[in-house]
Amino acid sequence: YGFINTCLKSLVVEKYGEETWEKLRLQAGVQDSFLTFEVYKDEITMQLVDKACKILGVPADMVLREFGEYFFEFCKRSGYDHMLRTLGGNLYEFIENLDALHSYLALSYQEMNAPSFRVEKNEDGSMHLHYYSDRRGLCHIVPGIIGAAALDFFNIEISMEIVNQTEEEERTGKKEHIVFLVTQNPVFSYKERNEFSSSSQYVADSEKQVENQLNKEDLEKAKNTFRERGSSVCPVKKSHWKTIRGIITLGKGKLLRGFDPVYPKSLWIDTKTFCNGLPFHMVFDKELRVKQAGVSIQKIVPGLQTMGICLDHYFSIIHPEVPFTISSIQKFINSQFVFQTRREMMPESWKQRPMLELRGQMIWMESLQCMLYLCSPLLRTLHELEERQMHIADIAPHDVTRDLILLNQQRLAEMELSNQLERKKEELRILSKHLEEEKKKTEALLYAMLPQHVANQLKEGKRVEAGEFKECTILFSDVVTFTNICAQCEPIQIVLMLNSMYLRFDRLTTVHDVYKVETIGDAYMVVGGVPVPVPTHAERVANFALGMIIAAKGVQNPVSGNPIQIRVGIHTGPVLAGVVGEKMPRYCLFGDTVNIASRMESHGVPSKIHLSSSAYQCLKYKNFEMTERGEIEVKGKGKMHTYFLVRNKTATENEIMGRP
């Protein structure tokens, strides 16, 4: 179920982070989230575990053990804490009732294929835990779960080691059967440890006093009671006097003998009443011959009215999937047994109906050498009751199966509602993720048109105030003989040529961290030191200009087939910058600096970078090689002293172009 995969995801995210989970799920090829009540293939979980081992560099047994420990905590957090705590008063009882818990959970998780557990006590207080599963290779989860439960619920540390590992036919089909040796050690606090070690002699003396006061029979019972309780929980968990107080009734000084039931000399119930009062029960001997059956089961399986017939002719064991023999049943005597009627032995009216399943416990009657199967119909919903053409009246009034069917009907309706909500939540999560992706695309497009801080102000509906920048460097470039090229080419050829050139220039703006202001036809304008003031604005623009000259050589003139030539002009000075317009707003620069930079470009020389004197002064001591052009007549400005930028003395061509 999705619950398992969700737990695995939660473990990875919590302990190793979101990035590790993302990497893990991509390598495993699985989705990002799982629905709790949805059934998924086992391969998904196995694949996640396998990839987790490789990514984390941890052996599979350690990953599974850690998952087991986390799974226990995850179940508690998911609302199963109270249910788990009430399974048993000690670890033995807890494990013994795990199958019953799985049987209950199967009402909600109807396709659950849970493992099975059988536990045996040893004389030294240890236990043998038998683990049966259809899934191979997951046995290391068990020590993690059981160890966490033992420490949390019973305050004991346990060690579990595999003593036997086989594949056997004990249950139907080949199943993995692992036997763990479980040894228990108490967890002492510092204070308890000191008390225990310092008072060991006092405890021994006290025991002698108690022995003198109690007769031998009572003492033997006390020891047996203590041994039984201690061996299954923890032999030395309690202090000596806590144990004595549990054995002696305070104030009377007499040993508590425990509860002794009283049995009548003869059974005060007649056969007819017994079979009516327990309508679903069967008694069979070692050869599986039926000796007795309740009236409702006789009504459904008429063959049982013939006493002496073999039970396995009419029923098969569904759980715990053992061979239908007395010895196998006795081995799993503490498990809940589920029987299913055999279709070929049912009356004609049942041929088209689903087979009836019975669930209950086995009780071995030593004096009669017979087995009593006390059971009830295994029905989860009213629909299942109707399918078998049964009625509530067929179930005894004292049988809680009546209440269970009605309560589970309501529970399944709530689960379906929960499942729908979970699906809607997942749909919303996916939509939200897609929305976030689209938002990022929109923002990327917006930030390509406007500076980020300006775009953010506009998104918030704020007015963007114009800003004055005392010093920045502006560059203009254009294509030489662009008008002639346009006259001799198709429009699409011009578009392709400009696009090829501008893509190269745009990449260089990122390499040298300059801001692209705009393009008009073949003119390309960038600025350094705006919108974020930086002291290296002139060097950045100069390196960008050198890159432009190199990049232009890779763009072909559609008329001649030769590389195109560009003119570049650079000027340094103050500007005013701000956003103009509401529709298609642009971040524009204003001031005489813009005009002079444009004049540097228009009065430039093909394949040369033309510098004004102010730009020259900024680059004079910055490892750039420059040559003097001299005084030239500039339109609208008169005579100006200008220079050419030749190269960067310290940077290679690859560095200028931003190549690896």
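Reply: Asp-513 is exposed, with a relative accessible area of 52%. The cut-off for exposed is over 50%, so Asp-513 qualifies. The model is predicted. Asp-513 belongs to the loop between α19 (491-512) and β12 (515-520). Its backbone stands out too: phi is near 55°, a positive value in a residue other than glycine.

Asn-155 repeats the backbone feature. Phi of Asn-155 is near 55°, again positive and again not in a glycine. Asn-155 is placed in the loop between α7 (141-154) and β3 (156-168).

One more backbone detail concerns a proline. Val-530 and Pro-531 are joined by a cis peptide bond, with omega about 0°. Pro-531 lies in the loop between β13 (523-528) and α20 (537-552).

Ser-126 is also a loop residue, between β1 (116-121) and β2 (127-133). Is Ser-126 buried or exposed? Ser-126 has a relative accessible area of 6%, so it is buried. The side chain of Ser-126 makes a polar contact with the side chain of Asp-124, at 2.6 Å. Beyond its neighbours within four places in sequence, Ser-126 contacts Glu-120, Lys-121, Leu-181, Val-182 and Thr-183.

Now the cores. The largest nonpolar core has 61 residues. Leu-91, Phe-94 and Ile-95 have the most contacts inside it. Helix α4 (residues 60-85) gives the largest share of this core, ten residues. Back in the largest core, Phe-94 can be followed residue by residue. Setting aside residues up to four places away in sequence, Phe-94 touches Leu-84, Leu-87, Gly-88, Ala-149, Phe-153 and Phe-154.

Aromatic rings come next. A pair of aromatic rings is described by the distance of the centres and the angle of the planes. The whole structure holds 20 aromatic pairs. Phe-3 and Tyr-80 make one of them: the ring centres are 6.1 Å apart and the planes meet at 85°, so the pair is edge-to-face. Phe-3 sits in helix α1 (residues 2-16) and Tyr-80 in helix α4, so the pair ties together parts 77 residues apart in sequence. Both Phe-3 and Tyr-80 are buried.

Phe-315 and Phe-339 form a tilted aromatic pair, 5.9 Å centre to centre, with 40° between the planes. This pair also links distant parts of the chain. Phe-315 is in strand β7 (residues 315-319) and Phe-339 in strand β8 (residues 337-341), 24 residues apart. Phe-315 is at 0% relative accessibility, so it counts as buried. Phe-339 is at 0% relative accessibility and counts as buried as well.

Phe-3 and Tyr-80 also belong to one aromatic cluster, together with Phe-67, Tyr-70, Phe-71 and Phe-74.

Arg-118 lies over the face of Phe-332, 5.0 Å from the ring centre. Lys-608 lies over the face of Phe-644, at 5.5 Å from the ring centre.

Helix α16 has 49 residues. From first C-alpha to last it reaches 70 Å, close to the 72 Å expected at 1.5 Å a residue. Which residues of α16 are buried? They are Thr-401, Ile-405, Asn-408, Leu-412, Met-415, Asn-419, Glu-422 and Glu-443. The buried residues of α16 pack against β10 (370-377), α15 (382-387) and α17 (452-459).

Finally, the whole chain. There are 23 helices and 18 strands. Of the 660 residues, 44% count as buried. Among contacts with a separation of 6 or more, 61% come from residues 24 or more positions apart.

Methods
Residues numbered from 1 in each chain as written. Predicted model: local features only at pLDDT ≥ 70, side-chain atom pairs only at ≥ 80, totals over all residues. Heavy atoms only, no water. Core = buried A, V, L, I, M, F, W, Y, C linked by side-chain atoms within 4.5 Å. Buried < 20%, exposed > 50% of the residue type's maximum accessible area, 1.4 Å probe, protein only. Helix = DSSP H or I, 4+ residues; strand = E, 2+ residues; numbered from the N terminus. Contact = heavy atoms within 4.5 Å. Polar contact = N/O pair within 3.5 Å; in protein donor to acceptor, adjacent residues only side chain to side chain. Phe/Tyr/Trp six-rings, centres within 6.5 Å; stacked < 30°, edge-to-face > 60°. Lys NZ or Arg CZ within 6 Å of the ring centre and 35° of its normal. Expected span 1.5 Å × (residues − 1).
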